[in-house]
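This note sets out points for a colleague who is meeting the structure for the first time.

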Amino acid sequence: MAKHLGKWLISGPPVLYLIVFFVIPTCIMVLASFRYAGEYGGLAPVLLHDTSGAHLNLTLESYHEFFSDFIYSWLFIKTLVYALVTTFCCLLMAYPLALLIARSASKYRDLLVLLVILPFWSNFLIRIYAWMILLGPQSAFSAALNGFLGIFGVGPVRLLFTPFAVVLCLIYVQLPFMVLPLYANLEKHDPALLDAAQDLGANAWQRFWRVTFPLSLPGIYAGIALVFVPVLGIFAVPDILGGTRGIMIGNLIKQEFLEARDWPFGSALSIMLTIGAMIIVGGAALFAGRRRNGDV
Amino acid sequence: MALLEIRNIVRRFGDFTAVDGVSMDIEAGEFFTLLGPSGCGKTTLLRMIAGFDSPQSGEMLLDGKDLASIAPEKRPIHTVFQSYALFPHMTVAENIAFPLRMRKLGKGEIGERVRQSLEDVRLADRGGRYPGELSGGQRQRVALARALVNRPRLLLLDEPLAALDMKLREQMQLELINLQKEVGITFIYVTHDQTEALALSHRIAVMNGGKVEQLDEPSKIYDSPKNRFVADFIGTCNLIDAEVSVAGEEKMVLQIRGLGEVAARNPGAIGGAKGILALRPEKVRIAAQLAPESDENHFKGRVHDFLYMGDVTVYIVEVGEGVHIEALLPNSTAGRPRILAVGDPVEIAWRYDAGTFLDG
């Protein structure tokens with residue numbers, strides 16, 4: 001027992017923390033999704049007492065509602081598309097940046113990484129409100145864009161309160177989460193491997209696609225997971241920049257809890273979102289695992 | 001015409017001159033070694049031949065063609081890296097197929113050549129494994145196979161055995177010699193290990209401070225070192241300060257302080273020149289009593305110290321005021337770790353042409 005004491009002292013607190021603040025709340029939410037809404041919001045009691053005694057007061061009503069109206073599935077699909085576009089754009093922009101940092105002189109690397117995480121030093125909401133000003137109709141950015149489009153007889157376009165504004169800001173918010181795991185991976189690559197590839201006849205293009213890229217796949221997977229999953233549930237960005245056209249599933253969940261006061265339905269949406277994310281990420285991990293085992 | 005002609009190559013890194021005007025000719029089919037301590041410029045020179053680095057001046061001609069005009073990936077030169085640099089995400093077979101794929105050979109031909117190559121390095125059953133699943137010696141053989149499968153004109157080897165333990169290293173040395181004979185490809189081998197260089201090479205270039213100190217066959221390098229650095233770097237050597245008293249074409253007489261007159265050879269030296277006498281310990285005979293031949297130097301002294309090495313014992317003999325000479329005695333008789341004890345009177349002798357006088 002004493003042998004395991006040290007192990008428990010170290011792993012105990014985080015495990016306890018996760019049980020109290022993650023496992024139990026998740027169970028509460030799963031249960032809530034099967035309950036009835038209370039008359040004035042909140043939840044109706046789980047047990048009902050009448051003449052025949054106590055019986056469970058649970059229902060599939062919330063899930064029935066979810067599948068009976070296509071608008072919810074549509075919102076899911078829309079959220080998924082936003083998340084995919086955001087992840088893809090982040091990957092496209094983060095990869096060259098991470099590669100550049102990883103290949104720069106070691107004395108500059110820490111500074112460049114610091115610059116990547118510098119935005120975290122200011123408040124998340126303030127940064128999103130800054131985008132609101134930047135994309136607003138009065139801003140120099142909007143004026144310049146519309147002036148440019150005017151040359152071709154297009155526009156003027158409105159940027160704020162559009163899906164475009166939402167995705168643009170999501171990319172901005174999530175970019176560091178793609179850069180960091182990619183950099184951590186690329187920085188560890190043995191430069192001798194590129195020398196070897198060149199020595200054996202590979203040009204720059206072949207060296208990238210046959211050595212650097214396949215070796216960076218774990219970093220890419222980590223980056224995708226870090227960008228994709230949080231975007232699925234995000235609500236602050238579409239709330240502030242999306243207007244009515246740009247809302248995502250996170251906004252609906254927030255609405256169900258705070259405005260509609262339909263906690264069971266909000267819980268059901270959250271559970272569906274969690275299950276959806278698990279299926280996508282799990283499927284991707286399975287696919288990645290099969291590739292690693294050399295089936296292709 | 002030599003296969004590779006190197007002409008006055010200079011490479012500087014800031015204030016540091018890594019390669020300082022090196023010239024040499026490497027013949028086709030040769031096992032050529034660049035030998036020197038770390039920082040002597042041997043690896044820099046190798047990287048310039050491979051194309052990973054470029055000289056500031058000088059030129060390199062392969063089959064008479066200037067290498068500077070050929071991109072590294074187009075050179076018919078392959079390298080075996082010190083770390084092997086096997087691609088960890090590819091199987092052994094894929095690693096070996098890599099250079100063939102880069103040349104866009106047909107699938108059938110690639111498969112056939114990879115199979116043949118795996119057989120050549122006795123790894124036929126390991127083609128599907130990843131490099132991480134192989135032992136050090138096996139990785140070494142994969143690296144060799146990958147670099148040779150394309151039949152390069154020139155194979156560069158950058159300390160390829162440094163990461164192996166001694167037993168395996170000796171075995172791989174034999175394999176390398178046989179492999180080179182078999183494939184007939186010119187090898188340029190970089191090492192700081194002088195025994196490895198002596199064992200493997202047809203010719204050795206001993207480098208120091210970015211310059212070639214001596215370029216010759218192993219036995220010439222060992223027996224007739226050109227200067228103090230080579231004598232000291234290759235093997236062990238007695239280096240004794242000396243002055244030429246009588247110069248001669250075949251035989252010369254040196255004056256050594258505390259010892260007296262010693263006969264040696266150096267056809268070039270002039271009377272009064274100061275330098276050192278270089279004498280290999282294994283060329284010095286040692287016994288309690290010796291009957292010297294007429295062409296031998298002969299001295300009496302005392303055992304100052306000794307080192308028991310197993311196969312031989314190294315005796316350090318004090319033969320004069322502050323003059324110590326090392327001599328080797330093979331332990332050919334079983335059960336006798338030492339014949340002589342510290343303080344014992346001994347006699348030593350060596351043929352006059354075993355000692356070389358080196359200027360400066």
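1. The domain bounds used below come from an automatic or database domain assignment. On that basis chain B falls into domain 1, residues 4–229, and domain 2, residues 236–359. The model is a predicted one, and every value in this note should be read accordingly.

2. Taken over C-alpha atoms, the centres of domain 1 and domain 2 of chain B lie 39 Å apart. Direct contact between them involves four residues of domain 1 of chain B and five residues of domain 2 of chain B. On the domain 1 side of chain B, the touching residues comprise one nonpolar, two polar and one charged.

3. As a whole, chain B contains eight helices and 20 strands. Its C-alpha trace spans about 75 × 50 × 35 Å along the principal axes. Chain B has 360 residues, of which 40% count as buried. If one takes the contacts in chain B between residues at least 6 apart in sequence, 66% of them join residues at least 24 apart.

4. Which strands make up the open sheet of five in chain B, and in what order? The order is S15-S19-S16-S17-S18, with antiparallel pairing. Strands S15 (285–287) and S18 (323–330) of chain B stand at the edges; each has a single partner strand, so one side of each is left without a neighbour in the sheet. On average, and with direction ignored, neighbouring strands of this sheet are turned by 40° against each other.

5. One pairing within that sheet can be followed in detail. Strand S17 of chain B, residues 312–320, is joined to S18(B) by eight bridges in the antiparallel sense. Val312(B) has Pro330(B) in S18(B) as its bridge partner.

6. Met252(B) has Ala264(B) in S13(B) as its bridge partner. The hairpin of S12(B) and S13(B) has three residues between the strands, and in this hairpin Gly258(B) takes a positive phi near 85°.

7. In soluble globular proteins, nonpolar side chains tend to be buried together. Here the largest nonpolar core has 103 residues, and Ile188(B) and Leu277(B) have the most contacts inside it. At least three residues of this core come from each of domain 1 (4–229) and domain 2 (236–359) of chain B. Beyond its neighbours within four places in sequence, Ile188(B) is in contact with residues including Ile26(B), Phe32(B), Leu46(B) and Leu154(B). A second, separate core of 43 residues includes Ala83(A), Tyr95(A), Ile234(A) and Met248(A).

8. How many residues of chain B are in contact with chain A? There are 17, and they meet 16 residues of chain A. Strand S6 (77–80) and helix H2 (92–102) of chain B each supply at least two residues of this side of chain B. H2(B) provides the largest share, three residues. By class, the side of chain B that touches chain A has nine nonpolar, five polar and three charged residues.

Definitions and conventions
Residues are numbered from 1 along each chain as its sequence is written. Chains are lettered from A and ligands numbered from 1 in the order in which they are written. This is a predicted model: local features need pLDDT of at least 70, side-chain atom pairs count only at pLDDT 80 or more; totals for chains, interfaces and linings use all residues. Two strands pair if DSSP finds at least two bridges between them. Helices (H or I, at least four residues) and strands (E, at least two) are DSSP runs, numbered from the N terminus. Axes are lines fitted to C-alpha atoms, for helices over the stretch in contact, and angles run from 0 to 180 degrees between N-to-C directions. A nonpolar core is a set of buried Ala, Val, Leu, Ile, Met, Phe, Trp, Tyr and Cys residues joined through C-beta atoms within 7 Å. A residue is buried if 20 or more other C-beta atoms lie within 10 Å of its own, exposed if 12 or fewer, and partly exposed in between; C-beta atoms are placed from the backbone. Two residues are in contact if their C-beta atoms, placed from the backbone, lie within 7 Å. Ala, Val, Leu, Ile, Met, Phe, Trp, Tyr, Cys and Pro count as nonpolar, Asp, Glu, Lys and Arg as charged, and the others, Gly among them, as polar.
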